[in-house]
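Hello,

Here is the structure we talked about handing over. Please look through it, then read my notes below.

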Amino acid sequence: MFSTADYTHMAQALRLAERGLYTTDPNPRVGCVIVRDGEVVSEGWHERAGEPHAEVHALRQAGERARAATAYVTLEPCSHHGRTPPCADALLNAGVARVVAAMVDPNPKVAGQGLARLEQAGIETSVGLLEAEARQLNPGFISRYTRGRPYVRCKLAMSLDGRTALASGESKWITGEAAREDVQRLRARSSVIVTGINTVLADDPRMNARVPFECKQPDRLVLDSTLRIAPDAQILKQKGHAWIATASHDVGKRELEQEGVGFIDLPLANGELDLHDLLKQLNELQYNEVLIEAGPTLSGAFLTAGLIDELVVYMAPHLLGDGARSLFHLPLLEKMEQRVPLEIKDVRQVGSDIRLTLLTRN
């Protein structure tokens with residue numbers, strides 16, 4: 001169905017899409033390559049939300065050379081008016097002869113309609129080329145439309161014996177500088193970083209992305225059921241939006257609203273903030289990728305609730321001993337079949353540490 005040339009050009013479109021990894025949120029990362037008579041005549045990728053999509057950038061660069069050409073795009077061309085006009089119409093007006101899409105857009109406003117519009121106009125269409133690779137670029141965007149919640153990662157740092165801090169709470173630094181820099185890139189691709197009030201009170205973290213390239217700074221969210229957070233907490237003062245998820249309705253504690261901090265009201269489930277409801281509300285706020293950076297209690301709560309999709313664990317080559325703090329607080333397991341199953345997605349060395357990327361089976 002697809003030629004060697006098709007694979008080559010779609011692979012290039014995927015590389016282009018990856019250039020938007022840190023800037024397109026909440027839109028998907030998309031790349032486009034236009035080829036005529038075997039020659040690449042133009043390329044484009046979506047750079048920022050509200051700006052032209054990948055197809056439009058490529059078509060503008062191609063000009064008249066787009067006529068009778070093939071467009072390779074990593075996501076089905078949109079067919080609806082959002083902040084920009086439909087890309088399907090732009091391809092029609094440019095006179096392309098063929099469109100190859102890596103995957104169908106999960107957004108119900110598109111969901112096959114873009115390709116159908118092109119087919120009805122006599123343009124040859126194909127879909128499914130390097131689909132798995134295309135899906136890996138946009139796990140959160142896909143999750144929001146197929147599962148009704150964002151894609152959730154949990155970042156953890158541990159010693160070789162699975163400890164995250166000494167009994168005293170001291171944890172700086174478990175991992176080396178290279179691993180800590182890698183975490184900044186993980187933050188930079190995330191829509192929102194979630195942590196708990198205990199982490200904020202103990203460490204006063206900024207939870208921003210400190211990277212040497214342009215990125216859309218992630219928003220930050222603190223789970224604080226009784227509103228113990230201090231008004232001058234660093235996490236509330238970074239670029240982007242700050243949220244506090246709480247069960248408290250104490251009007252006197254909500255003076256932070258006047259300074260632009262948002263509040264997400266959550267019900268309690270078994271005495272704790274309802275994490276399922278939290279992800280539902282984050283979905284409505286169009287957050288694609290959630291990064292949890294928290295202690296073992298909150299991380300364990302997300303894992304126990306079946307709400308973590310991916311674990312990113314940085315493992316340092318040293319031992320902290322039995323008295324140090326564990327990676328997760330989980331319910332007591334009595335049988336081996338109660339183990340939490342994980343799938344190893346990637347293992348690589350980052351400086352002196354090992355980074356493990358693992359998928360859950362939710």
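Ser191 is buried, at 3% relative accessible area (buried means under 20%, exposed over 50%, partly exposed in between, with a 1.4 Å probe and protein chains only). Ser191 sits in the loop between α7 (177-188) and β8 (192-196). Leaving aside neighbours within four places in sequence, Ser191 is in contact with Asp25, Pro218, Asp219, Tyr287, Asn288 and Glu289 (contact means heavy atoms within 4.5 Å).

A word on the source. This is a predicted model, where local features need pLDDT of at least 70, side-chain atom pairs count only at pLDDT 80 or more, and totals for chains, interfaces and linings use all residues. Residues are numbered from 1 along each chain as its sequence is written, and side-chain values use heavy atoms, without hydrogens and water.

Now the sheet. Five strands form an open sheet in the order β2-β1-β3-β4-β5, with mixed pairing. The edges are β2 (39-45) and β5 (124-127); each has a single partner strand, so one side of each lacks a neighbour in the sheet. Neighbouring strands are turned by 15° against each other on average, direction ignored.

Strands (E, at least two residues) and helices (H or I, at least four) are DSSP runs, numbered from the N terminus. Two strands pair if DSSP finds at least two bridges between them. β1 (residues 31-36) pairs with β2 in the antiparallel sense over six bridges. Val33 stands opposite Glu43 in β2.

Helix α2 (residues 54-62) lies across β1, β2 and β3 (70-73), at about 140° to β2. Helix α4 (residues 113-120) packs on the sheet and touches β4 (98-101) and β5. The direction of α4 makes about 155° with that of β5. Axes are lines fitted to C-alpha atoms, for helices over the stretch in contact, and angles run from 0 to 180 degrees between N-to-C directions.

Best wishes
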